[in-house]
Amino acid sequence: MGRGKIEIKRIENSSNRQVTYSKRRNGIMKKAKEITVLCDAKVSLIIFASSGKMHEYCSPSTELISILDEYQRASGKKLWDFFFVINKNSLQNLSNEVDGIKKENDNMQIELRHLKGEDITSLPYNELMALEDALETCLTCVRAKQMDVIDMERKNMKFLEGDNKQLNFIMNQHQTSNHTRLQMDHQGYHRAARAAADYNSQMPFAFRVQPMQPNLQGS
């Protein structure tokens, strides 16, 4: 059985539409390459998917510009005039956008001067009230931020004071330990000296260590 004909209309299912696009795009590219080789034709093909992605093919040793020039001469259509109109419209839109940005910047500069208290003599009452509300809101935010900074500085000071106390305690402990050790060494030396003196004084005279003297009896 042969394949049935399909109705040429937009495929509603996005997955099926993407599959069909991929298959038929590859088929058209293949046909363009075949006719280029078989018939020595100049072919240029540009395809844009619904997502905006571009696929293109151009015959070897051929540039798109030259093909467009030949198309313009053969068809009599002014392609470059059309492109110029498009570019001119784009430039006009860009110029309008730049003008809008400049106007917005000017308004912001005026508002900034008003916030500084400059050029406010000509402002009506309602704008002055709105300016006052804006300044009060800004002042409230600044004060809240200032209090946050002060609280943070206080916490940091407490941490630093705690660290300082701990370091001082460690240093005092270390100094006390050294001083105690020196005192114990000094007291131990004196106790040993006194013990040696007491021991020497309690020994009989004959056993006491006498300084070596020459024998005077024989002389």
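These are my notebook entries on one predicted model, going from the whole chain down to single residues.

**Ground rules**

I number residues from 1 along each chain as its sequence is written. Since this is a predicted model, local features need pLDDT of at least 70 and side-chain atom pairs count only at pLDDT 80 or more, while totals for chains, interfaces and linings use all residues; side-chain values use heavy atoms, with hydrogens and water left out.

**Entry 1: the whole chain**

I looked up the secondary structure and got 4 helices and 2 strands. Helices (H or I, at least four residues) and strands (E, at least two) are DSSP runs, numbered from the N terminus. Reading along the sequence, I noted the pattern α-β-β-α-α-α.

Next I checked how much is tucked away. Of the 219 residues, 9% count as buried. For my own reference, buried is under 20% relative accessible area, exposed is over 50%, and partly exposed lies in between (1.4 Å probe, protein chains only). The chain exposes about 19900 Å², with carbon and sulfur atoms supplying 58% of that. Those areas come from the Shrake-Rupley method with a 1.4 Å probe, and for residues only the protein chains shown count as cover.

I also looked at contacts (heavy atoms within 4.5 Å). Taking the contacts with a separation of 6 or more, 19% join residues 24 or more positions apart.

The chain averages 79, and 76% of the residues score at least 70. Which elements have the lowest and the highest mean pLDDT? Helix 3 (residues 79–115) is lowest at 75, and helix 1 (residues 14–39) is highest at 92. Over residues 205–209 the pLDDT stays under 50, and there the model has 4 contacts beyond four places in sequence.

The expected span is 1.5 Å times one less than the number of residues. I did the same for helix 2 (residues 64–75): its 12 residues should span 16 Å, and the end C-alpha atoms are 16 Å apart, so the two agree. Just after helix 2, G76 takes a positive phi of about 80°.

Which residues of helix 1 are buried? I listed Y21, R25, M29, A32 and T36. An α-helix has 3.6 residues a turn, so residues three or four places apart point the same way. The buried residues of helix 1 pack against strand 1 and strand 2.

**Entry 2: the two strands**

Strand 1 (residues 44–48) and strand 2 (residues 54–58) pair in the antiparallel sense over 5 bridges. Two strands pair if DSSP finds at least two bridges between them. Opposite I47 I found H55, and opposite I46 I found E56.

I then followed the side chains of strand 1.

I stopped at F48, which is in strand 1. F48 counts as exposed because its relative accessible area is 56%. Leaving aside neighbours within four places in sequence, F48 still touches Y21, K53 and M54.

D40 is one of them, at about 50°, and it is found in the loop between helix 1 and strand 1. D40 counts as exposed, with 70% relative accessibility. D119 is another, at about 55°, and sits in the loop between helix 3 and helix 4 (125–202).

**Entry 3: cysteines**

How many disulfides does the whole structure have? My search found 0, taking a disulfide as a pair of cysteine sulfur atoms within 2.5 Å. C138 is in none; the nearest cysteine sulfur, that of C141, is 6.5 Å away.

Technical notes. pLDDT = per-residue confidence, 0-100.
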